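Welcome! Here is a short briefing on a protein model, with its charged pairs and one of its sheets as the topics.

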Amino acid sequence: MTAFKAATTAAIAEGGACLRAGRLVAFPTETVYGLGADARSDVAVAQIYAAKGRPVFNPLIAHVASRDLAEREGRFDATARALADAFWPGPLTLVLPVAPTGSVSLLARSGLDSVALRMPVHPVALALLRAAGCPVAAPSANRSGRISPTEAAHVMADLDERIDLILDGGACSIGVESTIVSCLDRVEILRPGGLSRRAIEDVVGYRIDARPHVETAPVAPGLLLSHYAPRAAVRLGVSDVKAGEAVLDFGGRLVGQGAITLDLSPRGDLTEAAAHLFAYLRQLDASGAAGIAVAPVPDDGLGEAINDRLRRAAAPRG
């Protein structure tokens with residue numbers, strides 16, 4: 001059963017311990033309730049996708065309790081610093097290049113070399129983040145495709161028996177998600193939210209054009225999938241491995257084939273497979289193999305998300 005507790009000092013401390021132990025905790029922010037897991041752990045992050053029934057592995061926002069921690073995770077240029085100075089803590093998410101000291105997991109970053117960071121202003125959120133002592137990945141605390149929760153009861157209605165703890169901190173004051181601003185190649189507003197475009201433009205000193213719609217595109221928080229693609233050609237649903245191919249296996253289906261083999265989950269567990277997906281693809285790509293042969297993965301549950309990312313990795317390059 002999911003524990004439902006008022007956000008007292010003791011309950012917040014319990015929530016921090018849950019997060020450090022790799023469990024899932026829902027908590028209030030000023031925007032909506034978030035579903036938190038230790039952002040450093042692929043295994044913990046995979047549980048978010050399983051609990052939400054999330055159909056694709058979109059990058060997740062990593063919530064932090066301090067600017068110092070944020071600067072260990074992402075590389076801030078002058079514009080990013082100005083925006084953080086103006087709006088943190090608050091309903092602003094910044095998408096930045098990953099810092100060399102970054103600890104946010106590949107799964108939370110959806111395999112990309114960028115990271116989405118936010119410092120919420122809600123006192124319960126900040127207290128929980130301090131108690132956890134780590135970046136906390138936290139999409140909205142609802143089943144995928146359902147309305148974002150702005151009260152703890154909404155979370156319970158959607159996620160009871162799917163997560164470990166819900167901290168009740170009352171209704172969210174803003175009620176829409178954070179505004180996401182990319183500070184990568186240029187400043188872009190990837191998602192409108194609780195912070196207005198005008199406020200952001202006033203800080204950067206110029207008008208920010210609307211992001212063009214791209215059909216194949218965007219994954220939350222707004223990064224193109226073309227930022228993530230293995231060098232090696234990827235073949236899916238393989239039963240026979242070709243000479244020179246590395247193997248991405250599942251459930252031991254291709255055991256004994258290929259000079260280099262990594263099994264997403266020898267026991268056929270889709271949550272375990274999700275946790276290993278991006279790291280294993282990178283390892284196989286770094287091996288220098290000309291191609292990567294991928295065993296069939298069931299399309300049930302998290303298998304749908306795994307197959308979505310594998311299809312994108314195997315798509316013809318432009």
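Arg231 and Asp285 form a salt bridge (a side-chain nitrogen of Lys or Arg within 4 Å of a carboxyl oxygen of Asp or Glu), with their closest N and O atoms 3.9 Å apart. Arg231 sits in the loop between α7 (197-204) and β11 (233-235) while Asp285 belongs to helix α8, so this pair ties together parts that are 54 residues apart in sequence. Helices (H or I, at least four residues) and strands (E, at least two) are DSSP runs, numbered from the N terminus.

This is a predicted model, in which local features need pLDDT of at least 70 and side-chain atom pairs count only at pLDDT 80 or more, whereas totals for chains, interfaces and linings use all residues. Residues are numbered from 1 along each chain as its sequence is written, and side-chain values use heavy atoms, leaving out hydrogens and water.

- Arg231 is exposed at 52% relative accessible area, but Asp285 is buried at 16%.
- Here buried means under 20% relative accessible area, exposed over 50%, and partly exposed in between (1.4 Å probe, protein chains only).

**Other salt bridges**
- How many salt bridges does the rule give? The count comes to eleven.
- Asp113 forms a salt bridge with Arg282, and their closest N and O atoms are 3.1 Å apart.
- Because Asp113 lies in the loop between β5 (92-97) and β6 (114-118) and Arg282 in helix α8 (residues 270-286), the pair ties together parts that are 169 residues apart in sequence.
- Asp113 is exposed at 54%, and Arg282 is partly exposed at 31%.
- Glu272 and Arg267 also meet in a salt bridge, at 3.1 Å from N to O; Glu272 is partly exposed at 22% and Arg267 exposed at 67%.
- A network of salt bridges links Arg67, Glu71 and Asp85.

**The four-stranded sheet**
- Four strands make an open sheet with parallel pairing, in the order β11-β14-β12-β13.
- Its edge strands, β11 and β13 (261-263), each pair on one side only; two strands pair if DSSP finds at least two bridges between them.
- β12 (residues 245-249) and β14 (residues 291-294) pair in the parallel sense over four bridges, and Val247 has Ala293 in β14 as its bridge partner.

**Where α8 lies**
- Helix α8 lies across β12, β13 and β14 and runs at about 170° to β12.
- Contact means heavy atoms within 4.5 Å, and axes are lines fitted to C-alpha atoms, for helices over the stretch in contact, with angles from 0 to 180 degrees between N-to-C directions.
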